[in-house]
Each structure stands twice: as C-alpha cells, then as structure tokens.
Amino acid sequence: MHKRITTPLLLVTACSLAAAVTAHAAEWTMATPYGDASFHTQNNKQFAEDVAEATNGDLTITVHSGGSLVSHGEIKPSVRRGTIDAGEVFLSILSNDDPIFEVDTLPGVAGSYEDAYALWEATKPMITELFAYEGMVPLYAVAWPAQGIYTSAPLTDPDQFDGLRVRAPNINTQRFVDNLGGSPTETEESDIPTAFSTGRVDAMITSSSTGNSMAAWDYVTDYTDANLWLPKNIVFMSQRSFDRLDETTQDALMEAAARAEERGWQMSRENNEASLEALKENGISVSQPNEAISAALQAAGDELFADWESRADDDAKQALESYREQRDN
C-alpha cells in the first residue's frame, strides 16, 4: 500500500519540478554578421556552450552567423527593440552614434594587442554608459588582428592609391581611404568575393584573419602588413532580456562573458599568426610598407585623427587621454 501511494507522488513531484525548470528556462537569439570560419564566431559559439553548461540549460543562446538572422546594420537596432536578445557588431560601425566608437580605428593610437586592450579598458566605461542609455549591456569585446592592405600588385608608390577602389568596412576607414586619394567602397565581409569578381573593389583594408577566411588569394596577390589599427567587435545584450534572468543565471552569464573576452583576445593573436602563414602558403606576398608608403599612411592617419578631434566631445577626449597616460606609465 505504501509503495502504491509514494510512486504516484514521486511522479507528480518530478513532473512539477520539470515543468518549473521549463517555465524558467530562457532561450536567447544572438546575431553576428561573421561566418562560421571567423574566430569571432567560434568564440561566440563557445560562449553559448559555456552559458548553457554553467546554467544547466536554464539559459541557452543560439548564435545565428553570417548575417543569417539580420543584417550587420540592423543588429544593434534589433537588440535595442528586443526582437533579438544579443548581437555582435564591428564597433566602429557605430561611429555615427558617437566618435568614441571609432577611436580604435585611428592610426597610431594602439598598434599592439597590449595597447589595444588598454584602450578598450579606458573607453569601456563611456561605451557602457552609451549602451545603457539605449537599454543594452556590453558583454565582451575582442580585437581583430592589425589591419593591412590587400592589393593586386605590390604596393610601392603612394600614387597607386589614386582612384583605387578600396573595400572599407566603416566610415573611419572610408575617410582614411579618401585621405589617401582612393575611392572607398563599403562592403560586408560576406560580400568580398563578389565585390572583387564584379570589379566593385580593387583592394581592401582588413586583417590577416579576414584575408585568410575569405581566401583572398583568389582575387589579390599582395598583402602590405601596415599595422594600421586593431579594431574590435563588441558583443552586447538587451538589458530587458538580462533583467528577466534570475541572479544566479545572470552571474553565470557574466562569468562566461569574461572568459569569452580573455579567450577571444588569445584566439585573435593565434589566428593572426596562422593567417599570415596561410596567406604566404597560398601565394600571397606579405611585406612591410616601404618608406614612401609609410609616409603616405602617416599623413592620412594624421588627417584622420585631426578630424576625429574636431568631432569628439570632452568625455571621448578624456577617455583617450586616460589611455595614453596609462600606456606611457
């Protein structure tokens, strides 16, 4: 008699617990414009796995890569509206919102991973405040390898920039190309092969990583490793989505984000080394800029920085100054 009574009770209890877990489980969508071959996407997917494991499935995040969910330019508005829970963008595409978002694409500001991370630490409070104003929270940011120039012939003379149609993924790079005398063309990473094959672009400014993942050797022959800047991607979430989580899940999410940031920067370093080797192995000539090219890049960069200073407010300038003081000490 005792056995017949307790077994149904145990079943009811188990079903109630399962229903409670299901009721509280959250399923998030996250959008990124980068394909599965990108180390950024790989890092994001590991982040999602870490969150699911740390929360015992109470929070699962599905990463939609390659712009398959929403386009690059619509990711931030979609998170702000709450139609998706989290997203990743190239930070400097937000430069129309505030010049602080483009500070990591200013030549000469941060030319190493150490400097690039220090710049992120110095600008993070202001960036976090700007995101908070729109109901969003940064999770982590990860740098790309330093940017260089891909061309279809050795880059030896500044005159080669005249009229050169250059793929430029953000407004600051477009200004930089303009300063060099080129013709900037905004092209998403996924559209690079088509842009070259149709003659829309002749060259591109991007990282060793992008050149490798997009098989740049199919349409260019040379890579000038100019170390222009180390731009970042930023991953962020909806404050409303975050607030719906219980405190334990929130803590687990933020701990996973901290690990993703640390892991991502190391992945970037490793990917840069592997990508440079892959470029060489596939026939691309990798070289440093000569004196004439370096001078042209420096002049274009100086002009770019002067323009930034004319638009940046005191808070942005102070953030940059704080970074420089930290770097110099």
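Which residues line the largest cavity? The lining of the largest cavity consists of Ile149, Phe161, Val166, Val177, Leu180 and Ile205. The structure is a predicted model, in which local features need pLDDT of at least 70, side-chain atom pairs count only at pLDDT 80 or more, and totals for chains, interfaces and linings use all residues. Residues are numbered from 1 along each chain as its sequence is written, and side-chain values use heavy atoms, with hydrogens and water left out.

Cavities and pockets were located on a 1 Å grid over the protein atoms alone; a cavity is a set of points where a 1.4 Å probe fits but cannot get out, a pocket is an open set with protein on both sides within 12 Å along at least five of seven lines, and lining residues have an atom within 4 Å of a point. Grid points are joined across faces, edges and corners, and a volume is the space filled by probe spheres set on the points. A search of the whole structure returns one cavity of 30 Å³ or more, and the volume of the largest cavity is about 30 Å³. Its lining comprises six nonpolar, no polar and no charged residues (Ala, Val, Leu, Ile, Met, Phe, Trp, Tyr, Cys and Pro count as nonpolar, Asp, Glu, Lys and Arg as charged, and the others, Gly among them, as polar).

Ile205, one of the residues lining the largest cavity, is found in strand β8. Helices (H or I, at least four residues) and strands (E, at least two) are DSSP runs, numbered from the N terminus. Ile205 has a relative accessibility of 3% and counts as buried (buried means under 20% relative accessible area, exposed over 50%, and partly exposed in between, with a 1.4 Å probe and protein chains only). With neighbours within four places in sequence left aside, the contacts of Ile205 include Ile149, Val166, Phe176, Val177 and Trp229, where contact means heavy atoms within 4.5 Å. Between Ile205 and Pro193, twelve residues apart in sequence, the C-alpha to C-alpha distance is 14 Å.

The largest pocket holds about 410 Å³ of space. Of the 29 residues that line the largest pocket, His72, Ile93, Pro169, Asn170 and Glu186 lie nearest its centre. Two or more lining residues are given by each of α3 (72–81), β3 (86–90), α5 and β8 (203–207), and the largest share, five residues, comes from α3. By class, this lining has ten nonpolar, twelve polar and seven charged residues. The second largest pocket has a volume of about 220 Å³. It is lined by 14 residues, of which Pro107, Gly108, Leu228, Leu297 and Gln298 are the closest to its centre. Helix α10 provides the largest share of this lining, six residues, and the classes are seven nonpolar, five polar and two charged.

Helix α10 (residues 291–311) has 21 residues and should span 30 Å at 1.5 Å a residue; its end C-alpha atoms are 31 Å apart, which agrees. The expected span is 1.5 Å times one less than the number of residues in the helix. The buried residues of α10 are Ile293, Ala296, Leu297, Ala300, Gly301, Leu304, Phe305 and Trp308, and they pack against β5 (147–151), α5 (171–180) and α11 (314–328).

Rings of Phe, Tyr and Trp (its six-membered ring) pair if their centres lie within 6.5 Å; planes under 30 degrees apart count as stacked, over 60 as edge-to-face and the rest as tilted. The count by this rule is eleven aromatic pairs. The ring centres of Phe47 and Tyr140 are 5.2 Å apart and their planes are at 70 degrees, so the pair is edge-to-face. Phe47 lies in helix α2 (residues 39–54) and Tyr140 in strand β4 (residues 136–143), so this pair ties together parts 93 residues apart in sequence. Phe47 is buried at 1% relative accessibility, and Tyr140 is buried at 2%. The rings of Tyr113 and Trp265 are also edge-to-face, because their centres are 6.5 Å apart and their planes are at 75 degrees. This pair links helix α4 (residues 113–133), which holds Tyr113, with helix α9 (residues 247–281), which holds Trp265, across 152 residues. Tyr34, Phe39 and Trp144 form one aromatic cluster.

Asn56, in the loop between α2 and β2 (59–64), has a positive phi near 55 degrees and is exposed, with a relative accessible area of 70%.
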